[in-house]
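Trainee: I would like to learn how to read a structure of this kind, one feature after another. Could we look at it together?

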Amino acid sequence: MGKNKFHEGTGPSQRQLRVGELIRRALSEVLARGDIHDPDLNRMSITVGEVRTSPDLRIATAYVLPLGGQGQDEAIALLARNKGELRRLVSKKLSLKFAPDLRFQVDGTFDRMDETREMLSRDGVRRDTAPETGEERGNE
């Protein structure tokens, strides 16, 4: 198979991004509707922030976070326990050659956003990022 001349570098391909987004939507829908036969998992509200797929699309890593951020370890354990049923339900919604193996990790995006907000609210950073006025530039 020829090398894709439009995709260079180590980032994900367009196909990986597209399939990851399809899996994210399908997984979110399955979790929101409570289609799983596990009452412990159904009582939790879980956000699927992102899904990254391997280059061969056989492994999909879902970055998830329970609503409120509480019970992260329990949510990952429940998802891992039900990953076979989740895989089956997600693959029914998608028309892929192979149903990807689902893996789950805690989504740290929200924590990083809070740290960034806190950093940007510091006086020194606010002063450095404030828009300049014409008087400060020397009004040419």
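Trainee: At what angle do helix α1 and α4 pack, and how far apart are their axes?

Mentor: Axes are lines fitted to C-alpha atoms, for helices over the stretch in contact, and angles run from 0 to 180 degrees between N-to-C directions. Here helix α1 (residues 14-33) and α4 pack at an angle of about 120°, and their axes lie 9 Å apart. Before we go on, note that this is a predicted model, in which local features need pLDDT of at least 70 and side-chain atom pairs count only at pLDDT 80 or more, whereas totals for chains, interfaces and linings use all residues. Residues are numbered from 1 along each chain as its sequence is written, and side-chain values use heavy atoms, with hydrogens and water left out.

Trainee: Which word describes how α1 and α4 lie to each other?

Mentor: Angles under 35 degrees count as roughly parallel, over 145 as roughly antiparallel, 65 to 115 as roughly perpendicular and the rest as oblique. The helices α1 and α4 are therefore oblique to each other.

Trainee: Which residues of α1 and α4 meet?

Mentor: Contact means heavy atoms within 4.5 Å. From α1, the residues Ile 23, Ala 26, Leu 27, Glu 29, Val 30, Leu 31 and Arg 33 meet Leu 86, Leu 89, Val 90 and Lys 93 in α4.

Trainee: Where is Asn 82 placed, and is Asn 82 buried or exposed?

Mentor: Helices (H or I, at least four residues) and strands (E, at least two) are DSSP runs, numbered from the N terminus. Asn 82 sits in the loop between α3 (72-81) and α4 (83-93). Buried means under 20% relative accessible area, exposed over 50% and partly exposed in between (1.4 Å probe, protein chains only); Asn 82, with a relative accessible area of 10%, is therefore buried.

Trainee: What does Asn 82 touch?

Mentor: Leaving aside residues up to four places away in sequence, Asn 82 touches Ile 36, Asp 38 and Leu 41. A polar contact is a pair of N or O atoms within 3.5 Å; within protein, one must be able to donate a hydrogen and the other to accept it, and residues adjacent in sequence count only if both atoms are side-chain atoms. The side chains of Asn 82 and Asp 38 make such a polar contact at 2.7 Å.

Trainee: What joins the side chains of Asp 101 and Arg 103?

Mentor: Asp 101 belongs to strand β3 (residues 101-106), and a polar contact of 3.3 Å joins its side chain to that of Arg 103.
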